[in-house]
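Here are my notes on this one, as numbered points. Have the model open while you go through them.

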Amino acid sequence: MAVPAQLPAPGVRRVIARREARWGLLFVLPAFLLFLAFRFGPAIAGLLLGFMDYTIGGDAEWTGLENARRLADDPVFWQSLRITVVYTLLYVPLTVAASVGLALLVRRAFRGVGFFRSVFFLPVVTSLVLVATIFSWVFSSGGPWSRILSWVGLPADSWLASSTLVLPALALVGVWSHFGYGMLIVLARLQDLPREQEEAALTDGAGPWPRFRWIVLPQLKPVLFFLLVIETTASFQVFDLVYAMTGGGPARASYTLVMALYDQGFKYFDLGYASAIGVALFAMTLVVALIQRLALGRDK
Amino acid sequence: MTATTTTPAPTTTAPPARRRRSYRALQPGPAGTVLRYVLLAVASVVTLFPFYAMVVLSLKPTAAVEFPGSLLPWPIKFDAYATVLDSRDILRWLLNTTIYSVVSVVAVLLLAAMAGYAFAKKRFPGREAMFWSFLAMVMVPYHVTLIPTFILIAKVGGVDTYWGLILPTLANAQAVFLMRQFIQGLPDELFEAAKIDGASEWRMFVRIVLPLCKPILATLGVFVFLWHWNDLLWPLIIGQSGDMRTLTVGIASLQKEQVPLNVMLAGSVVAFVPIFAAYLVGQRYFTEGVTMSGIKG
């Protein structure tokens, strides 16, 4: 009599399966509908709008590559692209280097290690608007940064007022606000590494640098690549910090792509043109993802 | 029998002893230890100084005086807080941010747990197609969807409303993934026992699935909360009237209005305290969330 209890008759099983399917759909449906309305639909619409002329209240008109032509002829777009790339080239290597350096410092257990780890992650949870507020003071003329510069004999002008130094200033603030994230990711990987090789190298008399260079670093490669890709993608999309700290100035010297997208879309309501900037951003992200694929493929 | 029990014995005791020895071996020597503390101290000062300055300068009677004299913690005056609390709408901003964050966290967790449970443990038509469409969207940058989402919300009258602010942010594909991944790891027997008991599906979800998911819900909840609390772009676009501003939008607007620094920093401290408190209490979840997104994401 125990057998039918374990294995219901085929008819009963069908009923159960149908009930399961109905409940499965019901459970997925709310999330899926929201997803269709606010992610899937808008993603398709965003790509299409990049090829349309559309202002709010007006009619959408298919203009093909007109927006792309406008972008190509728009010096402000090229400038914002250049600024975004320069920011990325400053921000990404510094952030990755700081992440790895501090992860190595807090790798082993010692007195106070938990405190240091907590301190370094604190900026990551802090809103970039607050970060921008306080760093506007740090970089103001007469603020701490200009004092340090004058102590070491460098010109003490405010970096935020200089069209060449505003991007390094923003990149430094970006590094300050985000290195703790990379530090935790690298740290997690470091703690998974087997110790045998390092111990063997130590027994053979290898110092800290050779041990890092030839044993630890090769094993960190995948995680560093992951970090490089997400930090690059994030810095292509930099907005909050620039909006709150410089507003894109002085004289558009820190006017990034997403600043341009925001102004075109929500100041001038030229939504088709703003979407074309979004498509350009998407293309840049795809290129980075492709490079990642190729590089990882080559490694395997 | 004795032979098989004695042979594994040395290997089970050997590793801890060896690990303890090597643990000491891989630690730096005295000079290295000093160097490590010096570097960490410098990095900590650089990290903490802006927070210290934020608090101290917000307690100054006037906009910041000369550096470094302005960094002494006295005299303490709460003038900036009085100004920011009475004449500014900061309490309204705090309320808006709280509504935006809390409602979103609860809704995202519930929706993601439901969908994650169905994707992990139920068979239904279209499951794979739906799941892969979620997966594909992670590649598309947020900024591509921003403008169409704004148009959609504007068309249905959601500009300057709480629902218009909150609803689009509930479509969180990453949350659904994490939930699915976690629930897939739970043994099927847990659910089958309840099914034989004749528990209804919804009751089973609330009584069994949700409690089992507590650890992942805490981690995910912390991250969704943080993201909403600090979000700038979407509230900036959708909350166009002064009453709908969140803390981030409000403080950014103070900057554009050239409000004195001490008042702006007092506002910043008000915005920072809740996140700081959450960080002190739930630090473990922040750390777990990062490593989870880093390794599995």
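1. I'd start with a helix pair: H4 (residues 75-105) and H10 (residues 208-236), both of chain A, pack at about 145° with axes 9 Å apart. Axes are lines fitted to C-alpha atoms over the stretch in contact, with angles from 0 to 180 degrees between N-to-C directions; helices are DSSP runs of H or I, at least four residues, and strands are E runs of at least two, numbered from the N terminus.

2. Mind the ground rules: this is a predicted model, where local features need pLDDT of at least 70 and side-chain atom pairs pLDDT 80 or more, while totals for chains, interfaces and linings use all residues. Residues count from 1 along each chain as its sequence is written, with chains lettered from A and ligands numbered from 1 in the order written.

3. Now the largest nonpolar core, which has 158 residues; A:Ala31, A:Leu170, A:Leu241, B:Ala112 and B:Ala115 touch the most other members. Such a core joins buried Ala, Val, Leu, Ile, Met, Phe, Trp, Tyr and Cys through C-beta atoms within 7 Å, buried meaning 20 or more other C-beta atoms within 10 Å of a residue's own.

4. Look at B:Ala112 too: leaving out residues up to four places away in sequence, B:Ala112 touches A:Ala31, B:Asn172, B:Ala175, B:Val176 and B:Met179.

5. Chain B overall has 16 helices and zero strands, and 39% of its 297 residues are buried.

Terms used. A residue is buried if 20 or more other C-beta atoms lie within 10 Å of its own, exposed if 12 or fewer, and partly exposed in between; C-beta atoms are placed from the backbone. Two residues are in contact if their C-beta atoms, placed from the backbone, lie within 7 Å.
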